[in-house]
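Here are my notes after a pass through the model, in numbered points. Have the coordinates open while you read.

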Amino acid sequence: MKTGATDIFDRIKELVPVNRGFIDGFMGAVLGIPRVTIVYGAPGAGKTTNLVNMIRKREVPKPVLVLAFNNSTQHWFENKLGAEGCVSVRTIDSVAVSHVGFRNMLNADGDIERAIEALRRRVSSLFHIPYSNDPYKLEVGNELFGLFDYIANKTGRGGIDAVISVLSKTAPVYSAILDTYIKCLEGKLRLRNPKKGEVFDCKPRHDFTWARLKLLGSLLPNVKVGREDCGAPRTLIVDEFQDMSPLMLGILGKWLSNGDVEHFVVAGDFDQLIYRSLHHADLEVPRWLYQQARVRAGWRIVELSYSH
């Protein structure tokens with residue numbers, strides 16, 4: 001469903017350029033990894049099962065960090081791997097939450113996603129802009145924060161500042177909403193409830209997008225299983241690699257550049273994209289990686305075909 005602001009936001013998404021530093025940094029870092037494996041196949045071909053088998057058969061050195069794309073895939077990996085020692089399954093967002101502090105992602109409700117939605121709705125309401133709780137009924141506020149998430153993942157913090165500058169000239173109320181929201185996240189502002197006159201701190205202090213931005217430049221997290229700290233990962237596995245945003249690639253590039261990873265494994269279908277409209281995932285890097293694997297020593301491609 002479109003709102004009156006859809007065309008404005010769509011034009012801005014196209015105008016703000018992708019951050020080539022994220023992409024070029026990742027490419028440069030991965031070229032320094034001795035072993036790279038690409039598990040390539042269509043949906044249903046068994047890519048994630050292949051990854052589990054690689055770990056179980058000791059085809060990759062431990063400690064192993066697996067980056068699942070979402071929580072459901074993370075749980076699937078964990079169930080299949082069982083009590084496999086020195087293997088940790090995370091998502092980029094779970095690493096980001098740990099980095100900024102779990103308590104900073106919450107409000108009194110105790111649920112991260114609801115806390116983020118509540119803060120976005122509250123900031124929108126201060127400027128009398130509607131924000132819907134229904135994911136199937138988007139309002140202008142939802143689209144505006146969708147723009148915020150998209151630009152941050154496409155080009156980083158500098159892109160958000162550019163968007164605020166553009167909106168200040170064309171749609172000042174939207175610029176003011178984003179500026180207020182960022183000041184909330186940075187702890188530079190307390191909000192006032194105009195009806196009750198209450199002044200309150202902004203909670204949560206981070207959303208997932210902001211936490212990802214904070215993760216840029218951080219070290220690759222150690223593999224921890226229960227109370228055991230297995231140390232820095234020697235193997236990094238990334239599932240659904242084709243859906244990584246430029247910001248995610250920037251994070252991965254920083255992690256790979258520290259020299260600890262010996263084997264980098266990615267899995268995906270490089271002929272499809274699901275998250276381009278949400279955070280500017282693009283096939284340029286997956287296809288480049290595939291071409292590099294065809295010619296570089298120590299790199300290999302595991303190509304799977306669908307079978308019933």
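1. Let's start with Ser 124. Beyond its neighbours within four places in sequence, Ser 124 is in contact with Ile 129, Tyr 131, Gly 141, Phe 145 and Ile 177. Bear in mind throughout that this is a predicted model.

2. Where does Ser 124 sit? Its place is in helix α6, which covers residues 112–126. Ser 124 has 0% relative accessibility, so it counts as buried. A polar atom of the Ser 124 side chain lies 2.9 Å from the backbone oxygen of Arg 120.

3. Next, the packing of α10 on α11. Helix α10 takes in residues 208–215 and helix α11 residues 246–256; their axes are 9 Å apart, and the packing angle is about 30 degrees. An angle under 35 degrees counts as roughly parallel, and α10 and α11 are therefore roughly parallel to each other. As for handedness, α10 passes α11 in a left-handed crossing.

4. Which residues make that contact? From α10 come Arg 212, Leu 213 and Leu 215, while α11 supplies Leu 247, Met 248, Ile 251 and Trp 255. Sorted by type, the residues of the α10 and α11 contact are six nonpolar, no polar and one charged.

5. Asp 93 is worth a look alongside that pair. Asp 93 lies in helix α5 (residues 92–100). Leaving out residues up to four places away in sequence, Asp 93 touches Phe 208 and Arg 212. Arg 212 is also one of the α10 residues in the contact with α11. Is Asp 93 buried or exposed? Its relative accessible area is 19%, and the cut-off for buried is under 20%, so Asp 93 counts as buried.

6. Now α1 against α8. Helix α1 (residues 6–15) and helix α8 (residues 157–170) pack with their axes 11 Å apart, at an angle of about 140 degrees. Roughly antiparallel needs an angle over 145 degrees, and α1 and α8 are therefore classed as oblique to each other. The α1 and α8 crossing is right-handed.

7. Who meets whom there? On the α1 side it is Ile 8, Phe 9 and Ile 12; on the α8 side, Val 163, Val 166 and Leu 167. The residues of this contact divide into six nonpolar, no polar and no charged.

8. Over to Lys 224, in strand β6 (residues 223–225). Lys 224 has 53% relative accessibility, and the cut-off for exposed is over 50%, so it counts as exposed. Setting aside neighbours within four places in sequence, Lys 224 is in contact with Ser 88 and Asp 229. If you want a distance to check, the C-alpha atoms of Lys 224 and Lys 154 are separated by 31 Å, with the two lysines 70 residues apart along the chain.

9. Last, a loop position. Gly 46 has its place in the loop between β1 (35–40) and α3 (47–56). At 26% relative accessibility, Gly 46 counts as partly exposed. How far apart in space are Gly 46 and Gly 159? C-alpha to C-alpha, Gly 46 and Gly 159 are 37 Å apart, and in sequence they are 113 residues apart.

Terms used
Residues are numbered from 1 along each chain as its sequence is written. This is a predicted model: local features need pLDDT of at least 70, side-chain atom pairs count only at pLDDT 80 or more; totals for chains, interfaces and linings use all residues. Side-chain values use heavy atoms; hydrogens and water are left out. Axes are lines fitted to C-alpha atoms, for helices over the stretch in contact, and angles run from 0 to 180 degrees between N-to-C directions. Helices (H or I, at least four residues) and strands (E, at least two) are DSSP runs, numbered from the N terminus. Angles under 35 degrees count as roughly parallel, over 145 as roughly antiparallel, 65 to 115 as roughly perpendicular and the rest as oblique. A crossing is left-handed if the near helix is turned anticlockwise from the far one by less than a right angle, and right-handed if clockwise. Contact means heavy atoms within 4.5 Å. Ala, Val, Leu, Ile, Met, Phe, Trp, Tyr, Cys and Pro count as nonpolar, Asp, Glu, Lys and Arg as charged, and the others, Gly among them, as polar. Buried means under 20% relative accessible area, exposed over 50%, partly exposed in between (1.4 Å probe, protein chains only). A polar contact is a pair of N or O atoms within 3.5 Å; within protein, one must be able to donate a hydrogen and the other to accept it, and residues adjacent in sequence count only if both atoms are side-chain atoms.
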